[in-house]
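Thank you all for coming. I would like to walk you through one structure this morning, beginning with the whole chain and then turning to some of its parts.

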Amino acid sequence: MRLTICLRIISTSLKATMRSHTYIDSMGFPSIMARILDGKGLASDIKEELKVKIENWVSLGNRAPSLRCIIVGDDPASQTYVRNKIQAALAVGIAAETIKYDETLSQEELLAKIDVLNKDEAVDGILVQLPLPGAMDERKICNAVAPEKDVDGFHIINVGQLCLDMPTMVPATALAVIEMLKRFKIDTFGRNAVVVGRSKNVGMPIAMMLHSDRNHDSGLGMDATVTICHRYTPREQLVTFCRNADIVITATGVPKLIKADMIKPGATVIDVGISRITDEQGKTKLVGDVDYDEVVKIAGAITPVPGGVGPMTVAMLMHNTLQAAQRIQDAKTLN
């Protein structure tokens with residue numbers, strides 16, 4: 001009875017946008033179950049919206065947006081990711097093609113191939129699938145893509161503009177997280193947010209948008225108070241930061257890094273991490289950074305893995321490709 005009352009007090013004290021529901025577990029005890037943030041369903045809705053926008057764009061006399069996905073080598077995971085991106089692009093009306101190269105391709109040859117696409121007026125978006133073979137300098141390759149065609153948002157010009165709250169190409173995974181927070185109406189204004197992971201393509205841009213002023217030119221700011229944790233953050237401090245957070249976003253690729261005792265009741269948990277593990281039955285499965293089965297009983301809202309941020313990343317890549325086509329056309333009109 002006392003536990004039931006405590007759970008009711010916790011649940012009713014949460015804001016409506018954060019509130020979970022209670023359920024009776026297998027032992028007969030009342031528990032809190034998080035709202036599941038269905039990235040797969042939301043991505044489907046966004047792709048339908050993009051399809052309509054692209055149809056309208058073409059009806060005005062513009063050609064369909066065009067995307068080229070470059071893949072070097074035969075990494076199975078990369079092959080799957082690119083295939084999913086191409087399928088999504090074609091489904092919304094983007095003219096997309098995969099350009100495959102053997103891993104024996106030199107860096108100089110790849111740079112020359114990218115330069116050809118940069119100069120091709122029939123191409124709006126260029127994506128170089130990472131990781132690249134070990135001998136290649138990924139930063140140099142990413143910077144070789146013309147900023148206006150950089151649908152991954154990895155070029156230093158786009159990264160710099162993002163940090164200055166300027167309109168720019170935003171990395172698709174980071175944009176996916178922000179879009180989910182907005183569409184699922186997770187309140188971020190003045191909230192404490194912890195980003196676990198500081199990669200330049202995911203953790204850093206997420207933190208930049210979370211803390212930024214929403215009144216600035218980019219329109220992407222979320223006005224949160226942000227703490228960034230990383231591999232050198234002492235475990236006890238990571239636990240403390242997460243326990244005080246209204247929003248925890250983790251992107252490390254470390255399975256079950258975030259435990260239930262690290263989460264404030266009612267907090268929002270966004271799991272960007274994805275790892276392939278073998279379970280006790282010898283079966284391979286995908287998991288995130290979060291100990292999902294336990295955290296789901298504490299959090300107010302949580303993303304699943306798979307089916308959370310992953311599908312949204314692909315949808316945001318399609319968004320970026322349409323944006324690139326529109327901006328390139330606008331620049332031609334001005335000239």
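**The chain as a whole**

Of the 335 residues in the chain, 49% count as buried, where buried means under 20% relative accessible area, with a 1.4 Å probe and protein chains only. Please keep in mind that this is a predicted model, in which local features need pLDDT of at least 70 and side-chain atom pairs count only at pLDDT 80 or more, while totals for chains, interfaces and linings use all residues. Residues are numbered from 1 along each chain as its sequence is written, and side-chain values use heavy atoms, with hydrogens and water left out.

How does the radius of gyration agree with that of a compact globule? For 335 residues such a globule would come near 20 Å, and the chain, at 21 Å, agrees with this; the radius is taken over C-alpha atoms, and the globule rule is 2.2 Å times the number of residues to the power 0.38. Along its principal axes, the C-alpha trace spans about 70 × 45 × 35 Å.

Turning to the elements, the chain has eleven helices and 13 strands, which are DSSP runs numbered from the N terminus, helices being H or I of at least four residues and strands E of at least two. Strand β4 (residues 66–72) runs parallel to strand β5 (residues 95–101), and seven bridges join them, where pairing requires that DSSP finds at least two bridges between two strands. Within this pair, Ile70 stands opposite Ile99 in β5.

Terms used. Buried means under 20% relative accessible area, exposed over 50%, partly exposed in between (1.4 Å probe, protein chains only).
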